[in-house]
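Trainee: Could we go through the strands and helices of this model together, and then turn to how its chains meet?

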Amino acid sequence: MIKMADSILILCTRAPYGTEEGFAGLRLSLAMLASGLVGRSSVLLVGDGTLNAVATQEPTAIGMPSNAEAISDLADFEGEVFVVEEDLKSRVGDVPVLEGVKKVTWDQARTIIKDHALVTTF
Amino acid sequence: MPKTLLIHLRSGSMMNMDSNCAVKLMSAALDKGYNVRLFGYGEGVTVIKEGQDPKRFPNVGNELKKLAERGATVVVCGTCCAARGIHRGEEIQGSEIGSLTNHLSKFVSEADRMITFAR
């Protein structure tokens, strides 16, 4: 028998600010935690989605809501945010990431994906 | 106890074939005895707008109405609706404008499987 879902992983694959996908994924994860109905809601940043973790992002210049704030809000609810380090490095080099974001390898990322009952991609 | 399938739809009703594929999958799952739930997020909320008239293309709104009559649950994100100018009272019969915290979180916690349609 399949167990009911007690955890969800939001896989963010797109860069912040070009589309609403990154922000939408982060807000969805926050809503899952805020509801209290889903035990674990985590975010894994991969590919272009790793750019959501860049500490120096400054979206006020383009008048968009801040994905950095959305990640900070997740930390307030003890939501985990992971970034695949090799994907980030291949795009912008060795840059500082936002507080609370954990750098992981692809091997670790595979384990994180396995550890969640449901996965949805943004 | 029947299994529950959750469809997470983020493509709009006329963007591509995603919404058509979603309703076909929902219909097949109902045929097999699943509890079927759809949650529309982002552009996916447009599928519940009453009055869709796509002429030569399949009418996703009408298909969802039929699926709701067969027992499917159809809910979309209210914040995403507001952003797109879709208001309560404009949704197709059998659907609901809801929220992430009240609806999707419950659907996620009760789902056996979740399938995302998005591009």
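Mentor: This is a predicted model, in which local features need pLDDT of at least 70 and side-chain atom pairs count only at pLDDT 80 or more, while totals for chains, interfaces and linings use all residues. Residues are numbered from 1 along each chain as its sequence is written, and chains are lettered from A in the order in which they are written.

Trainee: In what order do the 5 strands of the open sheet in chain B stand?

Mentor: Strands (E, at least two residues) and helices (H or I, at least four) are DSSP runs numbered from the N terminus, and two strands pair if DSSP finds at least two bridges between them. The pairing in this open sheet is parallel, and the order in chain B is β4-β3-β2-β1-β5.

Trainee: Which strands of chain B stand at the edges?

Mentor: An edge strand here has a single partner strand, so one side of it is left without a neighbour in the sheet. In chain B these are β4 (95–98) and β5.

Trainee: What is the bridge partner of B:Phe39 in β3(B)?

Mentor: Strand β2 (residues 35–40) and strand β3 (residues 73–77) of chain B pair in the parallel sense over 4 bridges. For B:Phe39, the partner in β3(B) is B:Val75.

Trainee: Which element gives the most to the side of chain B that touches chain A?

Mentor: Counting residues as in contact if their C-beta atoms, placed from the backbone, lie within 7 Å, 17 residues of chain B meet 16 residues of chain A. Both α4 (100–110) and β5 (113–117) of chain B supply at least two residues of that side. With 8 residues, the element that gives the most is α4(B).

How values were computed. Contact = placed C-beta atoms within 7 Å.
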